[in-house]
Amino acid sequence: QVQLVESGGGLVQAGGSLRLSCAASGRTFSSYAMGWFRQAPGKEREFVAYTTGSGSNTYYADSAKGRFTISRDNAKNTVYLQMNSLKPEDTAVYYCAARNSGFGRSGYDYWGQGTQVTVSS
């Protein structure tokens, strides 16, 4: 079992940047693929990005490509989401998630509580 705690959300103007962090408990963090998801008001939760256990492979939703970067520091049991050139439509609660095996856009086993990101126009 792994517990996930996100931080780093907040209010930012359009065009600004934020870096989200997700700290994980446990001693096998590097064995989990990690993903970021978001859910805007009135919408379903959607995939944003994932990284494999080693961090050597990453994948992004089209909405995140070129603006967001997912990375991880396995020594610190932490995964990050650097978000640049933020737009009002990026406003959402952002969740990190861990997957026991494999990697992909779905199939995650553990979820954090979320952190609010609000982008003002």
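Author: A residue is called buried when its relative accessible area is under 20%, exposed when it is over 50%, and partly exposed in between, using a 1.4 Å probe and protein chains only. By this rule Thr52 is buried, with a relative accessible area of 9%. The model is predicted, so local features need pLDDT of at least 70 and side-chain atom pairs count only at pLDDT 80 or more, while totals for chains, interfaces and linings use all residues. Residues are numbered from 1 along each chain as its sequence is written, and side-chain values use heavy atoms, with hydrogens and water left out.

Thr52 lies in the loop between β5 and β6 (58–60); strands are DSSP runs of E, at least two residues long, numbered from the N terminus. Leaving out residues up to four places away in sequence, Thr52 touches Tyr32, Ala33, Asn57, Arg72 and Phe103, where contact means heavy atoms within 4.5 Å.

Rings of Phe, Tyr and Trp (its six-membered ring) pair if their centres lie within 6.5 Å, and planes under 30 degrees apart count as stacked, over 60 as edge-to-face and the rest as tilted. Phe37 and Tyr108 have ring centres 5.2 Å apart and planes at 75 degrees, so this pair is edge-to-face. It joins strand β4, which holds Phe37, to the loop between β9 and β10 (110–111), which holds Tyr108, across 71 residues. Phe37 is buried at 6% relative accessible area, and Tyr108 is buried at 10%.

A nonpolar core is a set of buried Ala, Val, Leu, Ile, Met, Phe, Trp, Tyr and Cys residues joined through side-chain atoms within 4.5 Å. The largest has 29 residues, of which Leu4, Trp36, Leu81, Met83 and Tyr94 touch the most other members. Apart from this core lies another, of six residues, including Phe37, Tyr50, Ala61 and Tyr108.

Finally, Cys22 and Cys96 form a disulfide, with sulfur atoms 1.9 Å apart; the cut-off for such a pair is 2.5 Å. Both cysteines are buried. The link is right-handed, with 45 degrees about the S-S bond, and connects strand β3 at Cys22 with strand β9 at Cys96, 74 residues apart.

Key:
Helices (H or I, at least four residues) and strands (E, at least two) are DSSP runs, numbered from the N terminus.
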